[in-house]
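Below is a short briefing on one protein model.

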Amino acid sequence: MQVAGKIAVVTGGGGGIGGALAARLVREGARVVIADLDADAAASVAAAINESHPKSAIAMGSDVSDIAQIEALIARAEAEFGPVDFYFANAGVAGPVGIGDDDAAWATTIDVNLQAHVRAARLLLPGWLDRGEGYFVSTASAAGLLTQIGSAAYSVTKHAAVGFAEWLSVTYGDRGIRVSCLCPMGVETALLRAGENSGDALGAAATRAVTSAGAVLTPDEVAEIVLAAIDDERFLILPHPEVLDMYRRKGGDYDRWLSGMRQYQQRLLDSATS
């Protein structure tokens with residue numbers, strides 16, 4: 001499925017990976033609707049894109065945990081450009097540090113990191129199945145294959161996002177619905193630094209766990225990798241290839257992996273408090 005001439009929605013597009021994806025999609029010939037909770041950030045990304053590619057991007061301030069707002073986002077794309085071909089479920093939140101203090105923060109994390117994907121797919125699938133094609137790209141995380149030291153909610157919801165993407169591919173992959181799942185480690189975004197800016201030793205360990213595990217990529221580098229994977233219609237997108245080796249080691253000896261992760265976490269905590 002080629003990007004050129006297609007219509008894409010990118011959530012969490014006001015910066016970071018989403019902003020880079022939106023810009024790269026337009027350079028490849030797509031038109032995009034950029035959604036972000038921060039309407040000004042989305043508008044800024046769209047304006048920058050339109051300077052070089054006029055009338056190729058529009059922005060909407062949207063809370064994509066709300067199905068009515070996802071519906072409005074899709075309707076705007078259809079009214080301005082035409083039926084949505086690609087949906088990049090990229091919006092995400094870090095969630096509470098540790099296990100969290102209440103259910104509210106968990107509910108928000110589940111809504112944004114998982115339910116937003118489910119709700120979007122529910123709205124898009126009927127049209128995609130009628131047309132015999134559509135492409136859903138889920139931004140999960142290496143945490144969805146491994147874990148996230150320092151944040152239970154982030155780890156759990158990213159595992160769930162991977163699981164939902166798998167289910168979509170298994171269920172609809174033979175009916176023209178393509179699915180890819182992006183699972184990077186460190187990418188230089190505000191989300192990466194949320195833990196170290198939390199004032200909590202466990203939060204600092206969460207950031208350090210990612211930044212010490214491998215190279216921290218730029219959003220533009222990740223966007224390039226994503227577009228290449230889409231061209232191949234590859235399910236699992238690993239900007240950090242070493243994640244696959246880590247995942248295999250985890251599955252090969254789960255108890256040894258858990259023990260190693262506990263030791264790694266302790267070293268990070270010792271470093272954060274020293």
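**Aromatic residues, cavity and backbone**

Phe86, Phe88 and Tyr135 make up one aromatic cluster. The model is a predicted one, in which local features need pLDDT of at least 70, side-chain atom pairs count only at pLDDT 80 or more, and totals for chains, interfaces and linings use all residues. Residues are numbered from 1 along each chain as its sequence is written, and side-chain values use heavy atoms, with hydrogens and water left out.

**Aromatic pairs**

- The count is 6 aromatic pairs, where rings of Phe, Tyr and Trp (its six-membered ring) pair if their centres lie within 6.5 Å, and planes under 30 degrees apart count as stacked, over 60 as edge-to-face and the rest as tilted.
- Phe86 and Phe88 are a stacked pair because their ring centres are 6.1 Å apart and their planes lie at 20°.
- Phe86 has 1% relative accessibility and so counts as buried (buried is under 20% relative accessible area, exposed over 50%, partly exposed in between, with a 1.4 Å probe and protein chains only).
- Phe88 is also buried, at 1% relative accessibility.
- Tyr87 and Phe136 have ring centres 5.9 Å apart and planes at 15°, so this pair too is stacked.
- The pair joins distant parts of the chain, with Tyr87 in strand β4 and Phe136 in strand β5 (residues 134-139), 49 residues apart; helices (H or I, at least four residues) and strands (E, at least two) are DSSP runs, numbered from the N terminus.
- Both Tyr87 and Phe136 are buried.

**Charge over a ring**

- Lys250 sits over the face of Trp257, 4.8 Å from the ring centre; the rule asks for NZ of Lys or CZ of Arg within 6 Å of the ring centre and within 35 degrees of the ring normal.

**Cavity**

- There is 1 cavity of 30 Å³ or more, a cavity being a set of points on a 1 Å grid over the protein atoms alone where a 1.4 Å probe fits but cannot get out.
- The largest cavity holds about 40 Å³ of space, the volume being the space filled by probe spheres set on the points, which are joined across faces, edges and corners.
- Thr11, Val64, Tyr87, Ala89, Asn90, Ala91, Val112, Ala116 and His117 line the largest cavity, lining residues being those with an atom within 4 Å of a point.
- The most comes from α4, with 3 residues.
- By class the lining has 6 nonpolar, 3 polar and no charged residues (Ala, Val, Leu, Ile, Met, Phe, Trp, Tyr, Cys and Pro are nonpolar, Asp, Glu, Lys and Arg charged, and the others, Gly among them, polar).

**Ala77**

- Ala77 belongs to helix α3 (residues 67-80) and is buried, with a relative accessible area of 0%.
- Beyond neighbours within four places in sequence, Ala77 is in contact (heavy atoms within 4.5 Å) with Val9, Val33, Gly82 and Val84.
- Ala77 and Leu227 are 150 residues apart along the chain, and their C-alpha atoms are 21 Å apart.

**Positive phi**

- Most residues other than glycine have a negative phi.
- Lys55, not a glycine, has a positive phi of about 60°.
- Lys55 lies in the loop between α2 (39-52) and β3 (57-61) and is exposed, at 75% relative accessibility.
- Glu233 has a positive phi near 55°.
- Glu233 lies in the loop between α7 (219-232) and β7 (236-237) and is partly exposed, at 36% relative accessibility.

How values were computed: On a 1 Å grid over the protein atoms alone, a cavity is a set of points where a 1.4 Å probe fits but cannot get out, and a pocket is an open set with protein on both sides within 12 Å along at least five of seven lines; lining residues have an atom within 4 Å of a point.
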